[in-house]
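Here is a short briefing on one chain. It takes the sheet first, then the salt bridges.

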Amino acid sequence: MTIKLIAIDMDGTLLNPQHQISPAVSAAIAAARNQGVHVVLATGRPFIGVKGYLEILGLDKTGGYCITNNGALVQRTDSGECVAQTPLSFDDYLYCEALSRTLNVHLHALDFNTVYTANKDISRYTVYESHLTGMPLKYRAVEEMDRTLTFPKVMMIDEPALLDNAIRHIPDEARARYTIIKSAPYYLEIMDKRVNKGEGVRLLAEYLGLTAENVMAIGDHENDLAMISYAGTGVAMGNAIDEVKAISQFVTRPNTEDGVAYAIEKFVLKTAH
């Protein structure tokens, strides 16, 4: 089947270690779009943290889509309007916030516009998330939070050793209740049980009248496993974790060597050797 939709993870995949899109990757994406292929960024980031890159790639036009918050939201790139969404409730926030204190790790929650933390000693990784996404950071004690808020995701964040220890002690009840995935050594993302990047890509593909055979997905980390498993053509970056490489049909070059461009050239443009 012809590839008509390319779903691309951002950090560690689309972006090089300097958080930039290389000229070769930009050119390959433009060439694919010129052939009528939908190019979709599928990321753990919220929409505000994606907008600048959408503009750089020219993906911010009418008819463009992106998958944000690890699949919790499928959004139009020109307006941010949700085509599909599966957020957490305020009760979910309360449960996860209490659990983070039991596990002795930091937590922050993201709504559509803001990063919230109830930790007085704000984690440097929360500050980093605010900087990375461009979302303002607000300290709010739990009892000060607006109970009408919903959250595409909450995140346990901490030093990698502390976070790994906490992960080992997450109760089965929580694992049964939520999708819990590690997206970086210091990030553990918690979402509605139905949410993952694979489900987000599936919802968008169906919305566009496409099937899995029409989809290529490219990623590098645990939160990319579901979309790579779903896609008819699953591609792991050369810098991907072993679990991603194990389920992929192809391992492309790393993000330091224009791996996204090489995959597009090989499977879509048919120009790679």
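**Sheet and salt bridges**

Six strands form an open sheet in the order β8-β7-β6-β9-β11-β10, and their pairing is mixed. The edge strands are β8 (137-139) and β10 (178-184), each of which pairs on one side only. On average, neighbouring strands of this sheet are turned by 25° against each other, direction ignored. The model is predicted.

**Inside the sheet**

- Strand β6 covers residues 106-110, and strand β9 covers residues 153-157.
- These two strands, β6 and β9, run antiparallel and pair over five bridges.
- Within this pairing, H106 stands opposite I157 in β9.

**The helix across the sheet**

- Helix α4 spans residues 90-103.
- Helix α4 lies across β6, β9, β10 and β11 (187-192).
- The angle between α4 and β9 is about 5°.

**Salt bridges: D9 and K197**

- The structure holds 13 salt bridges.
- One of them joins D9 to K197, with the closest N and O atoms 2.9 Å apart.
- This pair links distant parts of the chain, 188 residues apart.
- D9 sits in the loop between β1 (5-8) and α1 (10-14), while K197 belongs to helix α8 (residues 197-207).
- Both partners, D9 and K197, are buried.
- D9 and K197 also belong to a network of salt bridges that includes D224.

**Salt bridges: D11 and R45**

- The side chains of D11 and R45 meet in a salt bridge, at 2.7 Å from N to O.
- D11 lies in helix α1 and R45 in the loop between β2 (38-42) and α3 (51-57), so the bridge ties together parts that are 34 residues apart in sequence.
- D11 is partly exposed, because its relative accessible area of 27% falls between the 20% and 50% cut-offs.
- R45 has a relative accessible area of 4%, so this residue counts as buried, the limit being under 20%.

**Salt bridges: K153 and E189**

- A salt bridge also connects the side chains of K153 and E189, at 2.8 Å from N to O.
- K153 is in strand β9 and E189 in strand β11, 36 residues apart, and the pair links distant parts of the chain.

Definitions and conventions:
Residues numbered from 1 in each chain as written. Predicted model: local features only at pLDDT ≥ 70, side-chain atom pairs only at ≥ 80, totals over all residues. Heavy atoms only, no water. Pairing = 2+ DSSP bridges. Helix = DSSP H or I, 4+ residues; strand = E, 2+ residues; numbered from the N terminus. Axes fitted to C-alpha atoms, helices over the stretch in contact; angles between N-to-C directions. Contact = heavy atoms within 4.5 Å. Salt bridge = Lys/Arg side-chain N within 4 Å of Asp/Glu carboxyl O. Buried < 20%, exposed > 50% of the residue type's maximum accessible area, 1.4 Å probe, protein only.
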